[in-house]
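These are my notebook entries on a single chain.

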Amino acid sequence: MSRTKLFFGTIIMVLLFFVLTASSFKPEHSKAIIANPNPEKTLAEKREIKLYNIRQKALNEALSKYFDQAIKAGDIVGAGVSIVNGDSVILSNGYGKRSYNANESVDAETLFRLGSISKGFTGVLAANLESDGMLRLEDKVSDYLPNFHFGDPQHTERIKLSHLLSHTTGTPYHSYTDLVEAGLSMSTISEKFENVNPISEPGLQYSYQNAMFSVSQEVMLKATGKNIQTLLSDRFFEPLGMSSVSMDHETLMNTDNIALPHVKRRNGWKSVLPKNNYYNAIAAGGINANSNDMAKWMRFLLGHNPEVMSKDEMAPAFQSFIELKGHRKYYQRWPGHIKSAYGFGWRIHTVKENENAPEEIIWHHGGSVNNYRNEIALFPDSDLGICVLINGPSKLVKTVIPDLRAIVKSIYEKEIAIASSI
C-alpha cells in the first residue's frame with residue numbers, strides 16, 4: 001500500500017513540475033512574433049518610397065516632354081540620356097528613334113559613338129596609372145618615345161604627358177587630325193611632329209588637338225606594356241560592369257541596338273553608316289557606349305566606387321591646368337558662367353547661380369564624331385552627373401546640360417508634401 005502511495009505521489013510531482021515548466025517556456029522565435037515594429041520608422045520609409053516615386057514620375061514626364069519637343073522641332077532624331085544623383089542612377093533612358101527611316105526606338109542599351117568624351121576616360125586613366133606608380137603626369141614624352149620630335153631639341157625635351165592631355169604642347173590647332181582620320185597608326189603619327197612648327201612654349205597656350213592628345217596612348221603603352229584598350233577594360237570597364245563598351249568599328253557594326261548617325265537635309269534627316277575612323281586614336285575619340293554604361297561611369301567619377309579608384313586618386317584629372325579664355329564658346333554662355341579651364345581630358349567650369357549662391361564646379365566635355373554629338377557634365381558639389389548622347393548634329397547640345405540641370409533641380413531640390421496618412 002505504501003508503495004502504491006509513493007508511486008502515485010511521484011506521478012503527481014512529475015506532472016506538477018511539467019505544468020510549471022511549460023507555463024514559463026517561450027519558443028525562441030516568440031520575440032519576433034510579438035515584438036512591436038517601430039511605427040515612426042515604418043512611416044518614414046513609406047514616405048521616402050512615396051517621395052522617390054513622385055520624383056521619378058515627374059522626372060520621366062519632364063524629360064519626355066523636353067525631348068519630344070526637340071524631336072518635333074527637328075532638332076534631333078534620337079537621344080540616350082543618363083542622370084546620376086548621389087549613389088543612385090535616377091534615369092537611364094532613350095528618346096526618339098535609332099534611325100530616321102525606321103521605327104526602332106532609342107533605349108538605355110542603344111549604342112552611340114562618344115567622340116571626344118573619350119578624352120575624359122584617358123585623363124582619368126593617366127591619373128590611375130600615376131596613382132599606381134606606373135608613370136607620372138610630369139614625365140617627359142621623349143623619355144618614353146625617343147623618336148618623338150616637335151620643334152627644336154629644347155622644345156621637345158620640355159613636353160610632358162600633362163601637356164599632351166591638356167592641349168598645351170604648343171601644337172597648332174588640330175594638327176594632323178587629317179592623319180588620324182586617314183587611319184594612320186598613332187605610333188607613325190607621333191613621329192611626324194618634327195615637321196610642325198610650335199606656336200608657343202609648352203604649357204602656355206591652349207590649342208585643341210586629337211593627334212597630339214592621342215600620343216598619350218603611346219606613352220601609356222611604353223609605360224605599361226599594354227595598349228589603351230586593355231588598360232581601360234582592365235581598370236575601369238570590367239570592374240564597373242560597363243559590359244556594352246567597345247573600342248572598334250567591327251563591334252559597333254555587329255551590334256543590333258545601335259543609333260545610326262544622321263546628316264541634316266533640306267527635307268529632314270538622312271541616316272548614314274558609322275565610319276571606321278578614330279579607332280586608331282582611342283584616347284581622343286574611339287569609345288562606343290550606351291546610356292547604362294555612361295551612368296555607371298558617372299557614378300564612378302563622383303566617387304561611388306572607391307574600390308576601383310578613390311576620389312583623391314582621380315583628382316589630378318580635374319585640376320585646372322590652363323585657362324580657357326574668351327566668351328564665344330557655348331559653355332561660356334551657360335547661366336552664371338564665371339570662368340573655364342582645361343584639366344586632363346576635361347573642361348572645368350566655375351558657375352554661380354546668383355549673387356548669394358556659392359560658386360559651383362562643373363566637369364564637362366562635348367563629343368563630336370561621325371555625325372554623333374554628345375555632352376557629359378558632372379556637378380561634384382551636388383553629386384550629380386548628366387550625359388546626353390545624340391545621333392546627329394544638333395543646336396540642342398549648346399543648352400542641354402543647363403536645361404536638364406534645371407529640370408533635376410526643380411524636382412529634386414524642392415519640398416514635396418507627403419500626406420501624413422501614408
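In which loop is the place of Asn370? I found Asn370 in the loop between β10 (359-369) and β11 (372-379); helices (H or I, at least four residues) and strands (E, at least two) are DSSP runs, numbered from the N terminus. I worked on a predicted model, in which local features need pLDDT of at least 70, side-chain atom pairs count only at pLDDT 80 or more, and totals for chains, interfaces and linings use all residues. Residues are numbered from 1 along each chain as its sequence is written, and side-chain values use heavy atoms, with hydrogens and water left out.

I looked up phi for Asn370 and read a positive value near 50° in a residue other than glycine. Asn371 lies in the loop between β10 and β11 as well, and its phi is also positive, near 65°. For context, most residues other than glycine have a negative phi. Asn370 counts as buried because its relative accessibility is 11%, whereas Asn371 is partly exposed at 29%. I used these classes: buried is under 20% relative accessible area, exposed is over 50%, and partly exposed is in between (1.4 Å probe, protein chains only).

I compared the span of each helix with its expected value, which is 1.5 Å times one less than its number of residues. Helix α4 (residues 118-131) has 14 residues and should span 20 Å; its end C-alpha atoms are 20 Å apart, which agrees. Twelve of its 14 residues are buried, so α4 is largely enclosed by the rest of the structure; among them are Phe121, Val124 and Leu125. Gly133 follows α4 and has a positive phi near 75°.
Helix α10 (residues 211-224) should likewise span 20 Å with 14 residues, and I found its end C-alpha atoms 21 Å apart, which agrees. Eleven of the 14 residues of α10 are buried, so this helix too is largely enclosed by the rest of the structure; Met212, Phe213 and Met220 are among them. Just after α10, Gly225 takes a positive phi of about 80°.

Entry: salt bridges.
Asp87 and Arg299 form one of them, at 2.5 Å from N to O. This pair links distant parts of the chain, with Asp87 in the loop between β1 (78-85) and β2 (88-96) and Arg299 in helix α14 (residues 291-301), 212 residues apart. Asp87 is partly exposed at 45% relative accessible area, and Arg299 counts as partly exposed at 21%.
I then noted the pair of Glu375 and Arg373, whose closest N and O atoms are 2.9 Å apart. Glu375 counts as buried at 0% relative accessibility, and Arg373 counts as buried at 14%.
Finally, I recorded a network of salt bridges that links Glu353, Glu360, Arg405, Lys409 and Glu413.

Notes
A salt bridge is a side-chain nitrogen of Lys or Arg within 4 Å of a carboxyl oxygen of Asp or Glu.
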